[in-house]
Amino acid sequence: MYTHGTFVAQDTDEKSVPHDRDDDQSALPGQKRKASGVLVMQSHDDDNDNNQHRANELLQSLAEQIQDALNVATPDEAVQQCGQAPLRIIATHPDKVLELAHTKLHASPFQSVPLHWRRLFEEASLHKVAKLLKDRALRVHPEDRAKRRRIDNHTAVASHSGDWLLGIVEVLDRGISLSGAPGRKYVFDGIFEQLGEHIANEATPDWTCFRIIKPPDLKSTHPIIRKSGPFDHETFQEHLRIDCQPVIITGAIENWPARQLWENPEYLLRHTLGGRRFVPVEVGESYVSDGWSQRMMPMRDFVETYLLPDDTAETGYLAQYDLFAQIPALRHDVRIPDICYSDPPPANADALRTAGLSTVEQLDEPLLNAWLGPKGTKTPLHTDPYHNVLCQVVGYKYVRLYPPSETDRLYPRGVDEKGINMENTSRVDMSRLWSLVHDSLAEEVDQENREFPLFQEARFVEAVLGPGDSLYVPLGWWHYVESLTTSFSVSFWWN
Ligand SMILES: O=C(O)CCC(=O)C(=O)O
């Protein structure tokens, strides 16, 4: 949903999560333990055994690798345009430079932030991590106690957090997500890969698969048509030629490794450094409701707080986020559907009114987004300036689609009080309307109908997506999506 998509440089309500969880690494009740790995890195400084030396070597080697990489200029050298002052202090005072770059990143919408400020944030993040690693290597070096004591007073992450690694991961992930890692993504990926290998044997919680209970079948008079896969390029091209309607293709993603692997939250931990990778989470009812915010939090906290409990006070949704760019291992679990390489007919006059269409660039490859959340996530009725195939990997979702010809009956919003163009989102709050109807609040329902008199007349189609279903949403079609269970979907946008 196009409106979610600006998270990258908008950490407005970003919160650092207290790093107190792994202090002793003792397994929680019901959690299993495996052979030691990271446990050694997190053991007390006096444990002077071989493993600790190995850990120390890794820290030093990572710090050196980062340093070596930073000494190699990137082809564009854009960062030079930030002036000499920040570059002179970047190695010694990366925090100061991060602060400056952060201000610049937030001075305009992400798309118009000059590349050199993004590069500066990226460089400063890596300098900071190199410094933290060196400091940490000294802390765990048993022979250098005097130095260690001195550093104890100055190393914010290592001394404040039980899990020092979490502090390093936070700097790296903020570096990637706020800057987009335009110059040195390979350095970030390399660090994560080596840290991942080092903690490969770490104890993980003994979680079982997400608890998914199949909802009752939807009896609808306006169902979205279903066709069974495989749905190759030619068959889909024919579908587009005939009427270019929404369609659910069943069974087309059965060959994705994700279909088996993503049901288990433990798998997600394994590919996120034991759940330490920071991911953006939308907290609140939906992106148009009061009190809604976006936060960066470790994957493990997200899973434990929002995905595993049967009921939570608030909803957390990892929504419209390219998790696959951040965590390439998960990218291997999905395949780009063939239909994304089809050639849709030219947009008709109604679809051409889709908000944002005139400014989107031609894509070389489809845009991937992950949508991971508990039961009850709601994506308000909106349009996107792309063709879309929404693939349901885990769990169930209710979807309702309105054609572009119904736009005037859906009451698009305008520019909001912060100056953000919300034309792609309907003013009708469908989930509120349904709960008013459900609670038989006739007066409130009447009031909604008076405010949006044409809404009830708008034509729509609807369905429940289940595991293995892929929904094609044609360009300009409005869609409302609500999860009926814990759910993990991947959307592919193309044009
Ligand atoms: O799954 C959702 O919550 C929304 C998906 C969506 O809006 C999209 O794929 O464009």
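Student: What kind of model is it, and how are residues numbered?
Tutor: The model is predicted, so local features need pLDDT of at least 70 and side-chain atom pairs count only at pLDDT 80 or more, while totals for chains, interfaces and linings use all residues. Residues are numbered from 1 along each chain as its sequence is written.

Student: How many helices and strands are there?
Tutor: The protein has 17 helices and 13 strands. Both are DSSP runs numbered from the N terminus: helices are H or I with at least four residues, strands are E with at least two.

Student: What order do the strands in the sheet take?
Tutor: The open sheet has 9 strands in the order β1-β2-β11-β8-β13-β6-β5-β3-β4, with mixed pairing. Two strands pair if DSSP finds at least two bridges between them.

Student: And which strands stand at the edges?
Tutor: Those are β1 (226-228) and β4 (293-298); each has a single partner strand, so one side of each is left without a neighbour in the sheet. From one strand to the next, the twist averages 25°.

Student: In which sense do β2 and β11 pair?
Tutor: Antiparallel, over 4 bridges, with β2 at residues 247-250 and β11 at residues 469-473. Ile 248 is opposite Leu 471 of β11.

Student: Switching to helices. What does α13 lie across?
Tutor: Helix α13 (residues 299-307) lies across β3 (278-283), β4 and β5 (316-321), at about 115° to β4. Axes are lines fitted to C-alpha atoms, for helices over the stretch in contact, and angles run from 0 to 180 degrees between N-to-C directions.

Student: Why is α13 called largely enclosed?
Tutor: Because 7 of its 9 residues are buried. Buried means 20 or more other C-beta atoms within 10 Å of the residue's own, exposed means 12 or fewer, and partly exposed is in between, with C-beta atoms placed from the backbone. Among the buried residues of α13 are Phe 302 and Tyr 306. Their cover includes α12 (265-270), β3, β4 and β5.

Student: How do α16 and α17 pack?
Tutor: Helix α16 (residues 430-438) and helix α17 (residues 442-451) pack at about 145°, with axes 8 Å apart.

Student: Which residues meet there?
Tutor: Leu 433, Leu 436 and Val 437 of α16 meet Glu 444, Val 445 and Glu 448 of α17. A contact needs C-beta atoms, placed from the backbone, within 7 Å.

Methods. Two residues are in contact if their C-beta atoms, placed from the backbone, lie within 7 Å.
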